[in-house]
Amino acid sequence: MYYVAASSGTSEGDLTKLVNILEAAPGVQYICVDVANGYSEHFVQFVRDVRKRFPKHTIMAGNVVTGEMVEELILSGADIIKVGIGPGSVCTTRKKTGVGYPQLSAVIECADAAHGLGGHIISDGGCTCPGDVAKAFGAGADYVMLGGMLAGHTESGGEIIERNGKKFKLFYGMSSATAMRRHAGGVAEYRASEGKTVEIEYRGDVEATIQDILGGIRSTCTYVGAGKLKELSRRTTFIRVTQQLNEIFTPFTKEH
């Protein structure tokens, strides 16, 4: 139970539901207060209420993308702040609302704010390859969330779909119409869906993908001279470029 978190929204009754869950599972020591938009007084007050009710639990809260809001949430009782608005592979927030913040910039700014107060951040979204995970850690993230990179595996949620001799798995954002139909009874009249639903070709066990990610990060540490992951952000310099990859042969290979 140590590596399990109880996740909660901030709607009416969610605090009561959270209390009931943690009373039934006292071994759970992590709480995630999870909303798409952390910029509200109601959200900050909910974090304060959760901290008051659970003084010894580790509280994660988000999502936000600016240092000022990171500081506000840490001072309100959160330990770890989730950073990211719009960068996810099945997120359409930036397209539907025009709202977002470049993920690397957000991580750099939010990590600086959090670490100054003894807090931590999670980089949530935007990773498409092991190099992106390494950049997130290099920018100061303490944890990195992966959705699309881990989707489509045996261990991923959802049933396997077979069609024309191929296997697929469904992957959808939690603000998508699919998620809201499954978990909230449908898309509310006052809002739009902010997520995609896609079919990903079945990728087998997740172990090979995890090893690929870990191998990439280990090599990153070797290149920049970091003896351990915690040192990576102190050994990293970011330079703006117009092109990162040489993709001349990409159309002719299966692996990118």
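1. Two strands are taken to pair if DSSP finds at least two bridges between them, and the elements themselves are DSSP runs numbered from the N terminus, with helices (H or I) of at least four residues and strands (E) of at least two. The model is a predicted one, in which local features need pLDDT of at least 70 and side-chain atom pairs count only at pLDDT 80 or more, while totals for chains, interfaces and linings use all residues. Residues are numbered from 1 along each chain as its sequence is written, and side-chain values use heavy atoms, with hydrogens and water left out.

2. Six strands form an open sheet in the order β1-β2-β3-β4-β5-β6, and their pairing is parallel. Its edges are β1 (5–8) and β6 (143–145), each of which pairs on one side only. From one strand to the next, the twist averages 25°, where axes are lines fitted to C-alpha atoms (for helices over the stretch in contact) and angles run from 0 to 180 degrees between N-to-C directions.

3. Within this sheet, β3 (residues 58–64) runs parallel to β4 (residues 80–83), and four bridges join them; A61 has I81 as its bridge partner in β4. Helix α5 (residues 103–116) packs on the sheet, where it touches β4 and β5 (120–124), and its direction makes about 165° with that of β5; contact here means heavy atoms within 4.5 Å.

4. A further open sheet has three strands in the order β7-β8-β9, with antiparallel pairing. The edge positions belong to β7 (160–163) and β9 (197–201), and neighbouring strands are turned by 40° against each other on average, direction ignored. Four bridges connect β7 with β8 (residues 166–172), and I161 stands opposite F168 of β8.

5. Helix α3 (residues 67–75) packs with α5 at an angle of about 35°, the axes being 8 Å apart. On the α3 side the contact is made by G67, V70, E71 and I74, and on the α5 side by E109, C110, A113 and A114.

6. The axes of α6 (residues 130–138) and α8 (residues 207–224) come within 8 Å and cross at roughly 50°, which means that α6 is oblique to α8; angles under 35 degrees count as roughly parallel, over 145 as roughly antiparallel, 65 to 115 as roughly perpendicular and the rest as oblique. In this contact, P130, V133, A134 and F137 of α6 meet D212, I213, G216, I217 and T220 of α8.
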